[in-house]
Structure formats: C-alpha cells, structure tokens
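Hello,

Here is the structure I promised to pass on to you. Please open it first, and then read on for what turned up in it.

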Amino acid sequence: MRLLTFFRNWMLPIAMILGVSLYYIYINIPALESTRQFANAAVSIVQPMLIFLMLFLTFCRVELHDLRPCRWHVWLLLIQTLSFVLLSLVAILLCKNNDLRVLIEGAMLCMICPTATASAVVVRKLGGDVAHNTTYLILINLVTALVVPAFVPLVHPQQGIQFVTAFLLIIGKVFPLLLLPLVVAIIVRRLMPKLHSLIMRFPDLPFYMWSIALLLAMTMTAKTIHNTNVTMLSQIGIAVVSLICCVVQFYFGRRIGARYDDAITAGQTLGQKNTVLAIWMGYTFFTPITAIAGGFYSIWHNVANSYQLYKKRKEDADGV
C-alpha cells in the first residue's frame, strides 16, 4: 500500500523522468531501430486518443449551463493576445539578429499557446473551478486560431502559409479534439444515464490518463530537444525564455484570479499549456529551433504542477 501511495502521490515526476529515460534507452538499442517508424505512428494515435478521453470525462462532469465566460477570462485573453501581438511587432520592426529573433519567436509561442486540455485534471485536484477552466479552454483556442494566422506570416513568412491556410491548419488540428468530446459527453449524459453514472464513479481516471499522456509528451519533448541542431548556448537561451514565460503566466494568472476568488483556476488556466500544440506550431509556422520552446515549457509547467499538487497534499494532511 505504501508503494502504491508513493506512486500515486509522485506520479507526475515519475512520468516525466520515465518519459525522458525511456526515449534515450529506446534510441540506444540498435535492435529497435527498425521499429521507430511504428513507434512514432503509435504515439501519434495514442496521444490524441488520451486527450479525447480526458476531455470527454471532463465534459461528463460539467453541466453545459456552467460553461459561460467570467470576468477573469477577459484579462487572461488580453494578456495572451497583447503579449503575442507586441512580441510580433518587436520581431517585425526591431529585430534583425537571427539568434534574438528565435528567442522572441519562442516567447511568442509560449505566450499564445492555448491552455492544456489536461489542465482540468489538475484544476480539479487543486480544488479549482473546472467549468471556468473548460470555458477558457474553448475561448483561447478560438482566439489562437485567429491571432496566430494574422501575425505569423508577417513575422516568419513562408511560401504557401497565409491567413486562411494557417487558420484552417490550426482549426483542423484543435477543434476535432475540442468539439467531438463535448458532443459525445452530451449524448452519454442525455441518452446513456447508466454509463454516465458509471463514469462519475471514477473521478481519478482522467488523472491516470494524464500521467500516461505526460509520459508520452515528455518522450516527444526529449525527441524534439535531442534531434535539434541548435547550439547549447541557444538551447539555454530558449530554455530561459520559456521558463520566464511560464513563471510570468502562472504568477499573473493567480494574481488576477485572486481578485475574483478563483486564483487556482486562473493560474492553472494561464500557466499550463498545450505544449504538444506549441511544438507543432513551432515546426509548422516557425522553425524546428523555435519548436524547442514548447518542449522546454512542457518541463517547466509540469514541475509547477508537481509542486502545486505536493503543496495541496501537504495542506490536506495538515488539515489546513
């Protein structure tokens, strides 16, 4: 029982370390080289399935009438949008140095990246408002789909990537995994009450799914960083920029949320990012170098998650 309790309490750090370790073990076994294409294909299928299931389970627990905007949503949307626009203008008008431009593009990616689909799992564990978190998740994906295509072609021009193309790419990547779980959850709630009741009996199931998804995400993060040709100095610069973006967003999210008695939800909603999407946006609209920012951010926000969950357990144990 002690061992099970240990694994349950420290599942996130274990998943992070295991994900990175498994990647390096895997690539250093010559006999497995022929399986790499299959492994990449398997991860590309399993990850979206886990995201779909986590969102489905979350939507099953949220009433539709609770999915409505609140005041702190506006402030968080302004922070993400304005910071992205200002960084874009700096990159376009002032930045001629390629190394500095990469850092700015990395910051742009970290600031505009939508809330993680798994953030509701942590919000519920920490005692936040899942409905407010889920509402913002939908809003920020809509905003990202509009803002990124408007500025990325100006910051990093690419042949064939214009507003409509970029908009459709983002919509195609994000919205099937947002809307389909919601539709399925509504159907199950309305037409399959027994199945819905059964799902409600397992509140921690999304957390365990997230741990598996985190392991896979850390594996992909290790792959992204390992396969880059970026110098160590540049990698350190990108890591520092992503860390600053992470700290700033958790801090301001909590400060703004505290004004509306929702510090936990707002902090987690602004700070925890869909880093798989960030890495994809980096590769698609910028460069593989920029994509590393999403990989490093994945490390930082999961360290923050682990620490917050540890604090929550300690407070509960102390009866605070």
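In which hand of crossing does helix 3 pass helix 9? The crossing is right-handed, a term used when the near helix is turned clockwise from the far one by less than a right angle, with left-handed standing for anticlockwise.

Before the rest, a word on the basis. This is a predicted model, in which local features need pLDDT of at least 70 and side-chain atom pairs count only at pLDDT 80 or more, while totals for chains, interfaces and linings use all residues. Residues are numbered from 1 along each chain as its sequence is written, and side-chain values use heavy atoms, with hydrogens and water left out. Helices (H or I, at least four residues) are DSSP runs numbered from the N terminus.

**Helix packing**

Two packed helices are described by the angle between their axes and the distance between the axes. Axes here are lines fitted to C-alpha atoms, for helices over the stretch in contact, and angles run from 0 to 180 degrees between N-to-C directions.

Back to that pair: the axes of helix 3 and helix 9 come within 8 Å and cross at roughly 45°. Helix 3 and helix 9 are therefore oblique to each other (angles under 35 degrees count as roughly parallel, over 145 as roughly antiparallel, 65 to 115 as roughly perpendicular and the rest as oblique). Their contact (heavy atoms within 4.5 Å) involves Pro48, Ile51, Phe52, Leu55, Phe56, Phe59 and Cys60 of helix 3, and on the helix 9 side residues including Leu177, Leu178, Pro181 and Arg189. By class, this contact has 15 nonpolar, no polar and 1 charged residues. In this scheme Ala, Val, Leu, Ile, Met, Phe, Trp, Tyr, Cys and Pro are nonpolar, Asp, Glu, Lys and Arg are charged, and the others, Gly among them, are polar.

Helix 2 (residues 11-27) packs against helix 11 (residues 205-226) at an angle of about 40°, their axes being 8 Å apart. That angle makes helix 2 oblique to helix 11. Here, too, the crossing is right-handed. Among the residues making the contact are Met11, Ala15 and Tyr23 of helix 2, and Phe207, Trp210 and His226 of helix 11. The contact of helix 2 with helix 11 has 17 nonpolar, 4 polar and 1 charged residues.

For helix 6 (residues 119-126) and helix 15, the angle is about 20° and the axes are 10 Å apart. These two helices are therefore roughly parallel to each other. Helix 6 passes helix 15 in a left-handed crossing. Val122, Lys125 and Leu126 of helix 6 meet Asn305, Gln308, Leu309 and Lys312 of helix 15. This contact divides into 3 nonpolar, 2 polar and 2 charged residues.

Grid points are joined across faces, edges and corners, and a volume is the space filled by probe spheres set on the points.

There are 2 cavities of 30 Å³ or more. The largest cavity has a volume of about 210 Å³. Of its 18 lining residues, Ala118, Trp210, Ala217, Thr275 and Val276 lie nearest its centre. Helix 11 gives the largest share of that lining, 4 residues.

The second largest cavity has a volume of about 30 Å³. Its lining includes Leu109, Lys273, Thr275 and Tyr297.

The largest pocket has a volume of about 550 Å³. It is lined by 27 residues, with Gln47, Lys173, Val276, Leu277 and Trp280 nearest its centre. The lining of the largest pocket has 13 nonpolar, 12 polar and 2 charged residues.

Note on methods:
On a 1 Å grid over the protein atoms alone, a cavity is a set of points where a 1.4 Å probe fits but cannot get out, and a pocket is an open set with protein on both sides within 12 Å along at least five of seven lines; lining residues have an atom within 4 Å of a point.
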